[in-house]
Amino acid sequence: LTAESASPWRALFDPASLGVSIKRYLQQRPSDAAVLAMVAAVAAQQASLAEALESTLGATPAGQDPPAPPIEWMHDSITRIAQAIADHSPRASAGLTALGTAAQRFAAPRLMEAADGNIAALEELATAAEIPADVALYVLQQAVRPWLAWLHGARALSLTDQPFPTRRYCPACGGQPLMGKHIEPDGHRYLRCNNCGNEWAFPRIGCPSCGETDASKIEALFVDGDEGHRIYVCKTCMQYIKISDERLLGGRVHLPLEDIVTLHLDELGVERGYRSVSQGLQPPTVQANDMSH
Amino acid sequence: VKLSRRSFLKLSGATITAAALTGLGFEVKSASAAPLRIAEAKETTTICPYCGVGCGIVCHTVNGKVVNCEGDPDHPINLGSLCSKGSALYQLANNDRRLTKVKYRAPGSDRWEEKTWDWATTEIAKRIKETRDESFVAVDPSTGVTVNRNEAIACLGGAALDNEEAYVYTKFVRAIGTIWLDHQARI
């Protein structure tokens, strides 16, 4: 899959760019080989599922009410993602491979609710498959990602190159940022939506949660010797965002993968009393009320 | 698999991934298991001091010491780019050849002497006063017009002075009658 051969929104699942990142991490951190293989297998399934969506439903919709995902596609997606995760996990339960079958008893909107964190829907599905709720949620979130990217892809593309430097929420779907990156060559900051995967520009000196712009309130923490991965903590709203710096990491990064290889930074942030911006944003601060979009 | 509101909140956001990976048997790298040395950096914006373009810079400091300088990608003038001199700005703060004390070479002398800031500011004020008093022209002799000017001192503003600094500087040099006031960017 390349940018030339597919719709631009499908580049979000481009295995080629992910492959570069995985190769780099395999050299740097061979002990992470198992989790990297799992991420690659999930991404390959997502790329194929994205292609199937486009061939069934056509181009990504623009300005319409969101239709529900086709139920067959949804069940297929959950089955394939669960199987890819089970195939590469050291301790996958039998229930994981049966998740697709269990999901067939649920309608698409109910599955979307579970993926969105509806506790009752999630419990129902996890109980049916006899797997932990957090594993079920992880599989569902990976399974619906191609759908969300397809759904919001047109709007995300129409916003490309438009100046939204202070958007705290995803300008395409209104989702919260998962994490961010500083791109080559000049260090512009982009945030990635935890929902649809869209990426948008955001100021370097500024908290994506509350919009604080006072540099003295924001601090960067990193493990000595690994400055390419940092968390920026905001002392005003006590939230943090993780950042991967492409200039220091040797090229393009794939943020869902970066999120996994930097889980120790989440732990560091939580230990110091901060919450991730992916867990919800704070109201804008008075000083930065221009960030109140 | 019963979830309480509390346990769900614990699972939400970034921690879903960690909890799920642990549940699947992956070893999740821990920040506390193997104590890691954590550095804390501040990023502060500033303006390049070298020329009149006024490029934006992001300065990284750790424990108050400058560790890196880079172009500010959000600055409307340079959008993150810097010239070769601005790119080397880090060396302005970290340079063993940087002068940190007042050095004075007396007229005709062949060596530098170390002086205090108090001595230097007092000496500069004294010499400005002397020169100004010696060369002050209250009335132009050829026209008889009152001019109150000091013809023996020229002043040069720095390219990196901002509006307010340039204003104060101009007020000061005009107050001592200086008429030769120019700007470094014109050199």
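## A walk through chains B and A

Strand 2 and strand 3 (residues 65-71) of chain B pair in the antiparallel sense over six bridges; two strands count as paired if DSSP finds at least two bridges between them. Helices (H or I, at least four residues) and strands (E, at least two) are DSSP runs, numbered from the N terminus. Before going further, note that this is a predicted model: local features need pLDDT of at least 70, side-chain atom pairs count only at pLDDT 80 or more, and totals for chains, interfaces and linings use all residues. Residues are numbered from 1 along each chain as its sequence is written, chains are lettered from A and ligands numbered from 1 in the order in which they are written, and side-chain values use heavy atoms, with hydrogens and water left out.

Let us stay with that pair of strands in chain B. Strand 2 and strand 3 of chain B form a hairpin with two residues between them, and B:Asn63 in the turn has a positive phi of about 50 degrees. Within the pairing, B:Thr61 stands opposite B:Val66 in strand 3 of chain B. On the other pairing, strand 1 (residues 38-47) of chain B runs antiparallel to strand 2 of chain B and is joined to it by seven bridges. There, B:Thr46 has B:Ile57 in strand 2 of chain B as its bridge partner.

How well covered is strand 2 (residues 56-62) of chain B? Seven of its seven residues are buried, where buried means under 20% relative accessible area, exposed over 50% and partly exposed in between (1.4 Å probe, protein chains only). In a regular strand the side chains alternate between the two faces of the sheet. For strand 2 of chain B, one side carries B:Gly56, B:Val58, B:His60 and B:Val62, the other B:Ile57, B:Cys59 and B:Thr61, and both faces are covered. For the chain as a whole, buried residues make up 29% of the 187 residues in chain B.

Now step back to the overall layout of chain B. Chain B has six helices and eight strands, and they follow the pattern α-α-β-β-β-α-α-β-β-α-β-β-α-β along the sequence. Of the contacts in chain B with a separation of 6 or more, 30% come from residues 24 or more positions apart; contact means heavy atoms within 4.5 Å.

Further along chain B, three strands form an open sheet in the order 6-7-8, with mixed pairing. Strand 6 (136-139) and strand 8 (178-183) of chain B stand at the edges, each with a single partner strand, so one side of each is left without a neighbour in the sheet. The twist from one strand to the next averages 30 degrees. Strand 7 (residues 146-157) and strand 8 of chain B pair in the parallel sense over five bridges, and B:Leu156 stands opposite B:Asp182 in strand 8 of chain B. Two helices pack on this sheet. Helix 5 (residues 117-135) of chain B touches strand 6 and strand 7 of chain B, and its direction makes about 145 degrees with that of strand 7 of chain B. Helix 6 (residues 163-175) of chain B touches strand 7 and strand 8 of chain B, and its direction makes about 155 degrees with that of strand 8 of chain B.

Chain A brings us to helix packing. Two packed helices are described by the angle between their axes and the distance between the axes. Axes are lines fitted to C-alpha atoms, for helices over the stretch in contact, and angles run from 0 to 180 degrees between N-to-C directions. Helix 2 (residues 33-57) and helix 3 (residues 71-88) of chain A pack at an angle of about 160 degrees, with their axes 8 Å apart. Helix 2 and helix 3 of chain A are therefore roughly antiparallel to each other (angles under 35 degrees count as roughly parallel, over 145 as roughly antiparallel, 65 to 115 as roughly perpendicular and the rest as oblique). By class, their contact has twelve nonpolar, five polar and two charged residues (Ala, Val, Leu, Ile, Met, Phe, Trp, Tyr, Cys and Pro count as nonpolar, Asp, Glu, Lys and Arg as charged, and the others, Gly among them, as polar).

Helix 3 of chain A also meets helix 6 (residues 108-115) of chain A: their axes come within 10 Å and cross at roughly 45 degrees. Helix 3 and helix 6 of chain A are therefore oblique to each other.
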